[in-house]
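Subject: Structure handover

Hello,

Here is the structure for you to look through. My notes on what was found in it follow below.

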Amino acid sequence: MQVSPEELQTTDSITVRALKDISFGSAAGILSKVFEHPFDLTKVRLQSQVLDKQARFSGPLDCLAQTWRKEGIRGLYRGLPAPIVGAMAENASLFWTYTEMQRVIRWSQGIPLSQHLSLGQLALAGAGAGALTSFVLTPIELVKCKMQVQMLMTPAAAAPATLSAHPSGPTTSPSSSSAPTMRKLPGPIAVLTSVVRETGIRGLWLGHTGTLIRETGGGAAWFSAKEGVASLLLARRGLSDKRELRAWESGVAGACAGVAYNVALFPADTVKSAMQTEAELRGPRAGGGRATFFGTAREMWQKGGLRGLYAGCGITVARAIPSSALIFLIYDGLTQRFG
C-alpha cells in the first residue's frame with residue numbers, strides 16, 4: 001500500500017508502521033502459503049524435470065494426480081515448514097521495505113508529504129523491496145525446493161543425500177529399495193545442515209541470481225499492478241484514499257498483482273529451481289563443476305526452448321490469482337481495522 005503522508009511524519013509512527021507491516025505481512029503470507037503450497041510443489045517439480053532425460057509428468061494435473069496417488073496429502077504438503085517461514089519472511093520484508101523505499105524516494109527527490117508518489121515511483125519502490133527481500137528468500141527456497149523433489153530423487157543421488165542428512169548412516173538395510181520413502185526423508189533442519197556441511201554458508205545462496213532477478217522485477221510488477229488497479233477502482237467511486245478500498249476491490253487488485261508478478265520474469269524462477277534441485281535429480285556434475293545461472297539457462301533453452309523456461313507457469317498463475325488476492329485482502333483488511 002502507498003503510505004499516507006500522515007504516517008510519514010514522526011519517528012514513533014515509523015516504528016509503529018514497521019511493526020504493523022511486519023505483523024500484517026506475516027499473517028497474510030502464512031494463510032496464503034497454506035492454500036497455495038500443493039500448486040507451488042507442482043510448479044517446482046515441473047520446472048525441475050526440464051533437464052531430465054525423460055519427463056516424469058505430462059503436465060500439472062498429472063503431477064498433482066501422481067503426487068496424490070503415490071504420496072497422499074502429506075506428499076502434497078511436502079516441504080511446507082520452509083515455505084511457511086519463507087512466506088512470513090517474504091511478506092513481512094516486502095511490505096516493510098516497500099514502505100521504507102517510498103520514504104527514501106521522497107527524501108531523495110524532495111517530494112513533499114502532501115503529494116502522492118507516481119505509479120513509476122511506486123514500481124521503483126517495489127523493485128527495491130524485492131531486491132532486498134531476495135537475500136532473505138534464497139536460502140529458504142533452496143530448502144523448500146530440495147524437500148519438494150525428495151520423492152523424485154534418482155538412486156545415485158538418493159544415497160549420498162540420505163547419508164548427508166543422517167551422518168550416522170542409512171536408516172534402512174542394504175536390501176531395501178533405493179528409492180527414498182516418506183519415513184526416512186530428511187526434514188528442513190537436516191536439509192539445511194546438509195547444505196552447509198557440503199557447500200558452506202555460501203551454498204545457501206545457490207540460485208540467488210534467479211531469485212534476485214525474479215524478486216526485483218516481480219516486486220515492481222506486483223506493487224505497481226496492485227496500486228494501479230486499486231486506484232482505478234477507487235476512481236470509479238470518486239475516491240483516492242487507499243484506506244477506502246472495499247474488500248472485493250483489494251481482492252481484485254491483488255489478483256491482478258499476482259498475475260503481473262508471475263508473468264514478469266518467470267524463466268528466472270525456472271532456472272533457479274533447476275539449479276537448486278540439480279543435486280537431488282541429476283547428481284553431481286562431471287568434474288565436480290558448479291551450476292551457474294546463465295549456464296543452466298542456456299542448457300534449459302537448448303533442451304526445452306521457451307516452453308521449457310515457462311514450465312509450470314500455467315498452474316503458477318492460476319494459483320497466484322487467489323493467493324495474491326488473499327494476501328492483499330488480509331493485509332488491507334488488517335490495516336483498515338488496526339492501522
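In what follows, Ala, Val, Leu, Ile, Met, Phe, Trp, Tyr, Cys and Pro count as nonpolar, Asp, Glu, Lys and Arg as charged, and the others, Gly among them, as polar. This is a predicted model, in which local features need pLDDT of at least 70 and side-chain atom pairs count only at pLDDT 80 or more, while totals for chains, interfaces and linings use all residues. Residues are numbered from 1 along each chain as its sequence is written, and side-chain values use heavy atoms, with hydrogens and water left out.

The cavity. On a 1 Å grid over the protein atoms alone, a cavity is a set of points where a 1.4 Å probe fits but cannot get out, and a pocket is an open set with protein on both sides within 12 Å along at least five of seven lines; lining residues have an atom within 4 Å of a point. A volume is the space filled by probe spheres set on the points, which are joined across faces, edges and corners. The structure has one cavity of 30 Å³ or more. The volume of the largest cavity is about 470 Å³. Its lining has 31 residues, with Lys33, Glu36, Glu90, Tyr261 and Arg319 nearest the centre. By class, eleven residues of this lining are nonpolar, nine polar and eleven charged.

Regards
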